[in-house]
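Please keep the sequence and the structure in view while reading the points below.

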Amino acid sequence: MANNAEDVENNFMQGQPESAAGPEPRQQQQQQQEGGTRLRTRGGSGVGRGEGGGPEQNGHPPAARPAVQEAEEDEDEEMTLKYGAKHVIMLFVPVTLCMAVVVATIKSVGFYTRKDGQRLIYTPFPEDTDTVGQRAVNSILNATIMITVIIVMTLVLVLLYKYRCYKVIHGWLFLSSLFLLFFFSYIYLQEVFKTYNVAMDYFTVVIVIWNFGVVGMMCIHWKGPLRLQQAYLIMISALMALVFIKYLPEWTAWLILAVISVYDLLAVLCPKGPLRILVETAQERNEPIFPALIYSSTMVWLVNMADTGGPRRESAEETQEAAPEPAESPPPLSSPQDDGGFTPSWVSQQEHQLGQLQSTEETRRQIQQMPSARPPAEEDEEERGVKLGLGDFIFYSMLVGKAAASGDWNTTLACFVAILIGLCLTLLLLAIFKKALPALPISIFFGLVFYFATDNLVRPFMDKLALHQFYI
Amino acid sequence: MNLERLPNEEKLILCRKYYLGGFAFLPFLWLVNVVWFFREAFVKPAYTEQLQIKAYVKWSAVGLLFWVAVLTTWITIFQHFRAQWGEVGDSLSFTIPLGTP
């Protein structure tokens with residue numbers, strides 16, 4: 001699916017003028033989009049305002065600055081780590097929730113594990129063949145077709161983006177999420193009711209689905225409370241994962257997971273990879289990538305200090321899932337859409353010290369490192385969160401869901417732990433390399449290894465022990 | 001979207017849009033409106049637009065209660081009498097449970 005390119009993006013942005021850099025004018029226009037740069041603490045840097053009054057100190061008086069600047073360097077190191085842990089947790093929760101929803105559904109609602117003989121058009125070859133060899137060949141062919149579709153979709157998306165056909169892209173994403181929010185949730189609801197043997201009338205169902213869908217569209221594509229938006233993204237990722245679990249045949253599913261991790265790796269890291277091109281194009285144009293496809297853990301606010309004087313906001317959220325089966329969208333990138341045109345830079349204290357009061361036309365996204373006692377000033381920016389593409393959610397949940405469907409709880413938990421470990425490692429790499437990274441490969445690799453190992457080695461072992469009542 | 005960072009006029013506009021949207025058979029939207037703007041309307045210190053936001057939140061709550069009442073009544077009636085309605089009951093049903101009623 002498309003959504004994978006998950007570039008787990010770390011939005012560590014560099015705040016300021018690293019004081020340490022000596023007295024040159026700090027107008028760092030780093031157009032960063034992805035690259036999160038090192039986090040810097042803001043303690044000690046001031047924000048100069050062009051003509052709007054004196055610079056506002058973020059917590060340390062100017063006099064203390066020189067001493068503070070030394071400390072800043074040390075703090076930076078700490079801050080990087082501290083942030084890393086916090087961001088990891090910020091991603092753990094939604095990923096865990098998504099997986100929990102999928103596992104709970106798989107274990108209770110029989111519909112998603114029942115093979116009704118229906119297949120997606122992308123996987124035309126059946127797997128209930130006579131010989132193992134034939135089955136293997138069929139699954140390989142299915143996986144090939146699927147991955148080809150995904151590659152083609154990604155290329156189409158990149159081309160559309162390159163030639164600025166934004167309307168087409170937005171329309172496509174809008175339709176995908178519409179379909180997902182209404183149709184798939186209708187089916188889900190129906191199956192849940194059937195499972196629990198509950199009678200339900202059409203009026204209530206229509207009202208419920210209508211509400212769910214419309215509010216979902218509003219939260220995802222327009223404006224809505226952050227938590228609700230995150231909840232909706234988790235729900236649609238779970239729905240998508242369930243669809244995959246139901247309609248992909250066994251071996252095909254595992255193969256697709258493996259192949260898509262490899263694809264993700266190539267697409268994001270290779271110089272000619274479509275996703276990389278997409279990201280770079282967005283960077284050149286200095287605009288946010290898509291108002292969709294990405295789960296963002298916090299909202300980013302950018303403040304423009306010089307001209308308007310008031311806060312200007314940039315919505316970092318609008319994420320949407322793209323790709324119900326008919327519209328396999330290409331792997332989304334999680335580029336900071338909140339970058340749109342802002343080239344942040346705080347006027348450094350250096351300037352202040354040197355007496356230059358340059359007007360800051362730009363703002364910088366920063367992670368707020370202010371002492372808690374200090375009320376946030378107008379220029380403060382909201383903490384940037386980490387972003388993870390929805391495709392990652394889908395594939396993680398799909399892996400755990402398949403483990404739950406075919407294995408016992410040992411396998412499910414093992415896969416769950418493996419994926420979280422992989423996510424941690426990916427975030428760690430992100431903190432080190434500071435550029436968009438694919439979030440699938442490490443986690444899926446660990447997940448697959450753990451799944452097959454647990455299913456084939458640990459489970460029989462535990463069963464034998466239990467059989468012989470031998471406790472270790 | 002963080003309400004904190006919006007200027008007051010925009011908060012009012014957003015609240016109003018959520019309120020008006022709820023009339024399209026969307027009690028959930030009214031619920032979101034009430035929960036999201038509750039703090040703004042009743043807890044924050046007063047500002048110019050707050051009065052209107054309060055009004056919207058109150059009316060959204062009223063609408064929500066109305067819908068809850070209607071839906072609860074209908075669902076109770078349906079669940080209770082569904083079996084007795086025979087064919088009509090079945091045609092109204094989205095899912096029909098198995099077993100004897």
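**Briefing on the predicted model**

Asp116(A) is partly exposed, with a relative accessibility of 43%. The model in which this residue is seen is a predicted one.

**Salt bridges in chain A**

- Twelve salt bridges are found over all chains when the whole structure is searched.
- Asp116(A) is joined by a salt bridge to Lys246(A), and their closest N and O atoms are 3.0 Å apart.
- This pair links distant parts of the chain, for the two residues are 130 residues apart. Asp116(A) lies in the loop between α1 (65-108) and α2 (132-162) of chain A, whereas Lys246(A) belongs to helix α5 (residues 226-247) of chain A.
- Is Lys246(A) buried or exposed? The relative accessible area of Lys246(A) is 3%, and therefore this residue counts as buried, since the cut-off for a buried residue is under 20%.
- A further salt bridge, at 3.2 Å from N to O, is formed by the side chains of Glu280(A) and Arg276(A).
- Both Glu280(A) and Arg276(A) are found in helix α7 (residues 274-285) of chain A, where they are four residues apart, or about one turn of the helix.
- Glu280(A) is partly exposed at 34% relative accessibility, and Arg276(A) is partly exposed at 25%.

**Salt bridges in chain B**

- Lys44(B) and Glu4(B) form a salt bridge through their side chains, at 3.7 Å from N to O.
- Here too the pair links distant parts of the chain, 40 residues apart: Lys44(B) is in the loop between α2 and α3 of chain B, and Glu4(B) is in the segment before α1 of chain B.
- Lys44(B) is partly exposed, with a relative accessibility of 23%, and Glu4(B) is partly exposed, with a relative accessible area of 44%.
- One network, held together by salt bridges that share partners, comprises Glu4(B), Lys11(B), Arg39(B), Glu40(B) and Lys44(B).

**Helix α3 of chain B**

- Helix α3 (residues 50-81) of chain B consists of 32 residues. From its first C-alpha to its last, the helix reaches 46 Å, close to the 46 Å expected at 1.5 Å a residue.
- The buried residues of α3(B) include Ile53(B), Tyr56(B), Leu64(B), Trp67(B) and Phe78(B).
- Which elements do the buried residues of α3(B) pack against? In chain A they pack against β4 (200-201) and α4 (202-221), and in chain B against α1 (8-21), α2 (27-43), α4 (87-92) and β1 (93-95).

**The interface of the two chains**

- At the interface, 34 residues of chain A are in contact with 31 residues of chain B.
- About 3000 Å² of area is buried between chain A and chain B, and carbon and sulfur atoms give 65% of this area.

**Surface patch and overview of chain A**

- Val417(A), Ile421(A), Leu425(A), Leu428(A), Leu429(A), Ile432(A) and Phe433(A) make a nonpolar surface patch of about 600 Å².
- Leu429(A), one of these residues, lies in helix α10 (residues 409-433) of chain A and is partly exposed at 31% relative accessibility.
- Chain A contains eleven helices and nine strands, and 58% of its 472 residues are buried.
- Of the contacts in chain A with a separation of 6 or more, 79% involve residues 24 or more positions apart.
- The accessible surface of chain A is about 18300 Å², and 67% of this surface belongs to carbon and sulfur atoms.

Definitions and conventions. Residues numbered from 1 in each chain as written. Chains lettered and ligands numbered in written order. Predicted model: local features only at pLDDT ≥ 70, side-chain atom pairs only at ≥ 80, totals over all residues. Heavy atoms only, no water. Expected span 1.5 Å × (residues − 1). Buried < 20%, exposed > 50% of the residue type's maximum accessible area, 1.4 Å probe, protein only. Contact = heavy atoms within 4.5 Å. Salt bridge = Lys/Arg side-chain N within 4 Å of Asp/Glu carboxyl O. Patch = residues over 30% accessible without salt bridge, like charges linked within 9 Å, V, L, I, M, F, W, Y side chains within 5 Å. Areas by Shrake-Rupley, 256 points an atom, 1.4 Å probe, with all protein chains shown as cover. Buried area = accessible area lost by both parts, 1.4 Å probe.
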